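Q: I have a new structure to get to know. Can we walk through it piece by piece?

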Amino acid sequence: MMIKETSLRRDPDLRGELAFLARGCDFVLPSRFKKRLKSFQQTQIQNKPEKKLGTPLPPPSTFPSGARPLSPVPHVNNVVNAPLSINIPRFYFPEGLPDTCSNHEQTLSRIEMAFMDIEDQKADMNEMGKIAKVCGCPLYWKAPMFRAAGGEKTGFVSAQAFIAMWRKLLNNHHDDASKFIYLLAKPSCSSLEQEDFIPLLQDVVDTHPGLTFLKDAPEFHSRYITTVIQRIFYTVNRSWSGKITSTEIRKSNFLQTLALLEEEEDINQITDYFSYEHFYVIYCKFWELDSDHDLYISQNDLSRYNDQASSNRIIERIFSGAVTRGKTIQKEGRMSYADFVWFLLSEEDKRNPTSIEYWFRCMDVDGDGVLSMYELEYFYEEQCERMEAMGIEPLPFHDLLCQMLDLVKPATNGKITLRDLKRCRMAHIFYDTFFNLEKYLDHEQRDPFAVQKDIENDGPEPSDWDRFASEEYETLVLEESAQAQFQEGSFEDYETDEPVPSSEFENKGSNIVTSSLTEKSGKLQSVDEE
């Protein structure tokens with residue numbers, strides 16, 4: 001039988017009554033059911049009190065024993081506890097912490113007054129240096145400021161265009177790193193790529209007093225700029241992304257070093273990034289390996305570096321693309337000059353954080369982020385073969401492994417991570433043991449107490465790269481001087497007992513270096529034209 005009234009179906013009392021009626025029965029006769037239902041409805045109507053306003057609802061009826069409602073009535077809590085509002089001050093400023101005390105309008109008025117002193121209120125690249133100082137920026141920010149204000153298209157910057165650009169910069173960028181990236185990067189880009197540095201460095205080459213001799217060798221402007229760019233990314237771009245962010249700029253010393261160019265006339269005194277002597281050493285090393293002088297070297301060419309000190313297996317890993325950018329080195333098997341800069345910096349200073357990461361990527365053959373014992377044995381096998389060929393009895397791998405584990409002290413037994421190598425401060429000895437035989441033998445013959453003293457010394461000592469570049473530059477200058485005197489047929493300077501003054505030696509070295517560059521630039525001119 002179907003009950004048509006909705007109220008009867010939803011009445012809990014009716015459901016309980018029907019359940020009591022059907023208990024213990026296999027079926028209920030329709031006549032009995034209708035009679036029982038009718039009497040129940042009459043009783044319910046008689047007992048139902050009249051509803052009055054303000055009368056509380058009757059208490060819920062109790063069910064007979066054994067009778068349960070089909071669905072429990074949920075308890076609804078109408079009280080909602082509102083969360084307490086906590087005022088958390090802003091703590092993340094990607095564009096720098098705003099300076100509420102600075103008066104932007106006063107700065108803009110000073111810039112406007114500076115443009116009044118310029119003819120037609122239009123500044124060229126030379127006049128932009130004065131504007132940069134009025135803005136409170138280092139001198140060599142002038143090229144990025146000139147380009148950001150549209151000067152590259154017209155050859156000059158008007159006062160109106162520059163003030164509009166600088167007003168936007170002051171409103172949105174609040175520290176030097178953020179401002180520098182805004183001026184140098186492409187529009188709507190928040191990071192710097194390698195080509196973004198070219199206008200800045202070209203201005204340094206053209207105007208710095210320590211690089212005036214390069215005017216006689218314009219073909220080497222691009223070589224010097226490429227070297228400086230690679231050194232910047234090698235040191236600053238800690239993420240290996242190929243794009244320098246404002247955070248990486250803040251953590252580096254690049255902006256401070258760039259500001260020093262204005263104060264120091266001898267650019268070789270600025271060993272970070274800009275030293276011409278360092279560039280000369282790097283380029284001469286590349287020139288010696290590049291037998292056909294096409295600005296690319298092969299795997300065999302690189303293996304000849306330092307009298308084949310590096311193992312063939314580590315060189316194969318370099319050419320596999322583990323630490324190089326682009327696909328040229330993998331497709332054509334050739335290394336560019338830019339990649340060689342990274343190799344030389346890493347090879348001659350294995351204490352540098354980037355160098356530690358460079359060689360870790362090379363040794364991590366399977367790319368799992370861990371140097372396993374199998375990978376260490378793979379690289380040490382070639383070292384053993386080379387030592388046996390030299391008549392030196394190599395240390396068994398098991399004994400060597402115990403020494404290296406005691407040296408590094410990895411957090412996990414049997415696995416050496418990048419963190420372990422950076423923490424132990426002995427990564428240079430670890431790496432040379434597995435793929436640089438000459439330096440490995442030097443470490444074996446050195447006093448262990450001297451090694452420990454180097455580790456404990458935290459003073460401002462020159463880096464391994466600075467020492468290497470200084471020694472190599474002196475050697476190159478002496479070789480060029482001897483060759484020049486041999487060509488002239490005069491050895492009077494060597495026969496005299498009087499020492500040559502240091503200033504005269506430096507001037508002579510600069511002239512020799514310039515003539516050497518001019519000679520090489522003539523050989524490379526055809527390559528550039530191609």
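Q: Let's start with H428. Where is H428 found?
A: H428 is found in helix α23, residues 427-435. Helices here are DSSP runs of H or I with at least four residues, strands are runs of E with at least two, and both are numbered from the N terminus.

Q: Before we go on, what kind of model is this?
A: This is a predicted model, where local features need pLDDT of at least 70, side-chain atom pairs count only at pLDDT 80 or more, and totals for chains, interfaces and linings use all residues. Residues are numbered from 1 along each chain as its sequence is written, and side-chain values use heavy atoms, with hydrogens and water left out.

Q: Back to H428. Buried or exposed?
A: H428 is buried, because its relative accessible area is 8%. Buried means under 20% relative accessible area, exposed means over 50%, and partly exposed is in between (1.4 Å probe, protein chains only).

Q: Which residues does H428 touch?
A: H428 touches K350, R351 and H443, leaving out residues up to four places away in sequence. A contact means heavy atoms within 4.5 Å.

Q: And S310, where does that sit?
A: S310 is in the loop between α15 (299-303) and α16 (312-319). With a relative accessible area of 8%, S310 is buried.

Q: What does S310 touch?
A: Not counting residues up to four places away in sequence, S310 touches I315, E347, R386, F435 and N436.

Q: E347 is on that list. Which residue forms a salt bridge with E347?
A: K439 does, and the closest N and O atoms are 3.4 Å apart. The pair links distant parts of the chain: E347 is in helix α18 (residues 337-348), K439 is in helix α24 (residues 437-445), and they are 92 residues apart. Both E347 and K439 are buried. A salt bridge is a side-chain nitrogen of Lys or Arg within 4 Å of a carboxyl oxygen of Asp or Glu.

Q: How many salt bridges does the structure hold?
A: It holds 24 salt bridges. One of them pairs K243 with E193, with the closest N and O atoms 3.9 Å apart. K243 lies in the loop between α11 (221-236) and α12 (246-251), and E193 in the loop between α9 (176-184) and α10 (198-207), so the pair ties together parts 50 residues apart in sequence.

Q: How exposed are K243 and E193?
A: K243 is partly exposed, at 41% relative accessible area. E193 also counts as partly exposed, at 25%.

Q: New topic: rings. How many aromatic pairs are there?
A: A search of the whole structure finds 35. One of them is Y358 with W359, an edge-to-face pair at 4.9 Å centre to centre and 80° between the planes. Rings of Phe, Tyr and Trp (its six-membered ring) pair if their centres lie within 6.5 Å; planes under 30 degrees apart count as stacked, over 60 as edge-to-face and the rest as tilted.

Q: Where do charged ends sit over rings?
A: The charged end of R313 sits over the ring of Y378, 4.4 Å from its centre. The charged end of R334 sits over the ring of Y296, 4.0 Å from its centre. The test is NZ of Lys or CZ of Arg within 6 Å of the ring centre and within 35 degrees of the ring normal.

Q: Now L476. Where does L476 lie?
A: L476 lies in helix α26, residues 464-488. At 9% relative accessibility, L476 counts as buried.

Q: How far apart are L476 and Y280?
A: They are 196 residues apart in sequence and 9.2 Å apart in space, C-alpha to C-alpha. L476 touches Y280, V281, C284 and E288, not counting residues up to four places away in sequence.

Q: Last one: what is phi of L295?
A: Phi of L295 is near 65°, a positive value in a residue other than glycine. Most residues other than glycine have a negative phi. L295 is found in the loop between α14 (276-289) and β3 (296-298), and L295 is buried at 17% relative accessible area.
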